[in-house]
Amino acid sequence: MNFLSVEEITKSFGERVIFDELSFGIDQGQKVAIVAKNGNGKTTLLRCLLGLEPIDSGRIVFRKDIRVAFMQQVDELDTTHTILDEVFSHDLPELQAVKKYNAALRSGDEGAIKDSFQAVSELNSWDLEAKVNQILSVLKLDDPLQLISTLSGGQKKRVALAKVLISEPDFLILDEPTNHLDLDMIEWLEDFLSKSRSTLLMVTHDRYFLEVVCDTILELENQTVYKYKGNFSYYLEKKAEREEQQIATIEKARNQFRKELDWMRRQPKARGTKQKARIDAFHETKKVAKQRIEEDELEIPVKMERLGTKILELHHVRKVYGEKIILDDFSYNFKRNERLGIVGDNGTGKSTFLKILLGREEADGGKVVVGDTVVFGYYDQNLPVYDEDKKVIDVIRDIAEFIPLEKGRQMSAAQFLEKFLFPRDMHYSFVRKLSGGELRRLHLMTILMANPNFLILDEPTNDLDIFVMSVLEDYLRSFGGCLIVVSHDRYFMDKMVDHLFVFEGQGEIKDIIGNYSIYRKEIEENKRQEKKVDKEIVKVEIPEKNVQKEKRKLTYKEQQEFNSIESELEELESEKSRLTAVLSDPDANTEDLIVAGQKLSEVVKAIEEKTDRWLELSEFA
């Protein structure tokens, strides 16, 4: 069943064509990802699909009577709302019923509580409330009554995500859903979306996410779309095959072009139908022959300041914010070619740790010693404010005209821009025309152009496309200095680091040898061992039960207990019926409803325990 049909849509901004006569469809249950280089129109396409951005021509058709939810990169939340108000701000009847019930409980209005209780029961929405609580808990939105206006940017992003997940749409559209999520949240979201029945269309740079969740990849390139029926690995394989075929086609066209060019230069006098057809074919061949396949690889033999024997040392460093401990008597000496990854939940102090290393924040105790030859390069999550009227190449030239290479060579600012996928026609574009991802890429280049020998990258993968990520990985593989990476991108971490600092909170930091995948395997293995121990404990208890089974009759005390359980169960079942009637009574007051709900839970638990005991004793009665 087709949920979305996109037919020959075209979109341009002025003279710049974003996509031209784009066509594709998405069927019910498909999980589709859009991949493209920054600036090629991923977010623009999503906005066009939702009608938030007009198209120049073509047609976009969603199936009638399906619910569509969209999470933007920057969501416009109502700052006067609480978190709970915002996640319930949908027209879905079940959500509205639960929202009114929660509001009635807070107000204490008995009439409103009865009416809303009945509405939730009629719509069978009690499980929806449990789902809301689970999602808010996983996304660490612990105070649902907190005002949106008091939240950080990352928290607002998580509220926006919770809002669309809770709405249970038929068609879910997500723009960079993993930004501002910690690793546990990302893995939970992977599992949630994989099991979800919603049809999914998303833009994400997280390559593990693409691998696990998606079954179709749409690649935007050269103003058109290429469709791959498979996950990320399949996409990479088929993209390579497509590019090989394209290279062969271009090479064939170039050979043909040389022959036809010679014919054209002879300027034949006869201009009949046959000659005109040959001239038209020549111009088509010329177009193909002039195509270029860009290689997203970057190996730059940069000549950097050599690191001395003393690089960076931390001696008994301590840092505390109120009751939150960031570092507690922490010591470590960084060595040459250090490749360290830092992971941990949001708020455990990862960014603070980096600022202490850089001297941008003072430690409360201990000492940080930086070697004389160290040149830091720090890429943080906050973009600097660039002059919007400045040209792209001038931003780089303000750092340096040239970057020194090995053997006395050098690379110009223009050449460096091309290496980072800024083509020549963009060098003299104004900064204000850049997309968010292109601004991130420009910021990264200003850091690298300064030729540091100790790179610290704080979430470098946010808003960078998978192609730029590949280029950055190539650069860092040949980087000869020290590297520290804080990232929630597991694929990037696996390729870049050889050990991890795991920030567990309250000053607890573990040094794990290996990459992120090795660390996660250790966690899973520990969980398996814990379960194994639990099973062994259960097995130890089994012989005791077997001893009971071998008894020929019950003791006097057990016989009395067995006789009394039957009557106790009858009383409990009677109490359960009474409490259920209270909860269903439209005339019951608020206090009675609350007390009955709590008591019913206790009664149900008691019935289960008594039933288990009766079954155990009945074997020997």
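Two strands pair if DSSP finds at least two bridges between them. Strands (E, at least two residues) and helices (H or I, at least four) are DSSP runs, numbered from the N terminus. The model is predicted: local features need pLDDT of at least 70, side-chain atom pairs count only at pLDDT 80 or more, and totals for chains, interfaces and linings use all residues. Residues are numbered from 1 along each chain as its sequence is written, and side-chain values use heavy atoms, with hydrogens and water left out.

Start with strand E1. E1 and E4 run antiparallel and are joined by five bridges. Across this pairing, Val 6 stands opposite Ile 60 in E4. E1 also runs antiparallel to strand E2 (residues 16-27), with eight bridges between them. Here Leu 4 faces Ile 26 in E2. E1 and E2 form a hairpin, with two residues between them. Gly 14 sits in the turn and has a positive phi of about 65°.

Side chains of opposite charge can pair when their charged atoms come close. A salt bridge here is a side-chain nitrogen of Lys or Arg within 4 Å of a carboxyl oxygen of Asp or Glu. The whole structure holds 33 of them. One joins Glu 7 and Arg 59, at 3.2 Å from N to O. Glu 7 lies in E1 (residues 2-13) and Arg 59 in E4 (residues 57-62), so the pair ties together parts that are 52 residues apart in sequence.

Now move to another sheet. Three strands form an open sheet in the order E11-E10-E13, with antiparallel pairing. E11 (324-334) and E13 (365-370) stand at the edges with a single partner strand each, so one side of each has no neighbour in the sheet. From one strand to the next, the twist averages 20°. E10 (residues 312-321) pairs with E13 over five bridges. Arg 318 has Gly 365 in E13 as its bridge partner.

Finally, look at the second largest pocket. A pocket is an open set of points on a 1 Å grid over the protein atoms alone, where a 1.4 Å probe fits, with protein on both sides within 12 Å along at least five of seven lines; lining residues have an atom within 4 Å of a point. The volume, the space filled by probe spheres set on the points, is about 510 Å³. Of its 21 lining residues, those closest to the centre are Ser 152, Asn 346, Gly 347, Lys 350 and Gln 381. Helices H6 (153-166) and H11 (350-358) each supply at least two lining residues. H6 gives the largest share, four residues.

How values were computed: Axes fitted to C-alpha atoms, helices over the stretch in contact; angles between N-to-C directions.
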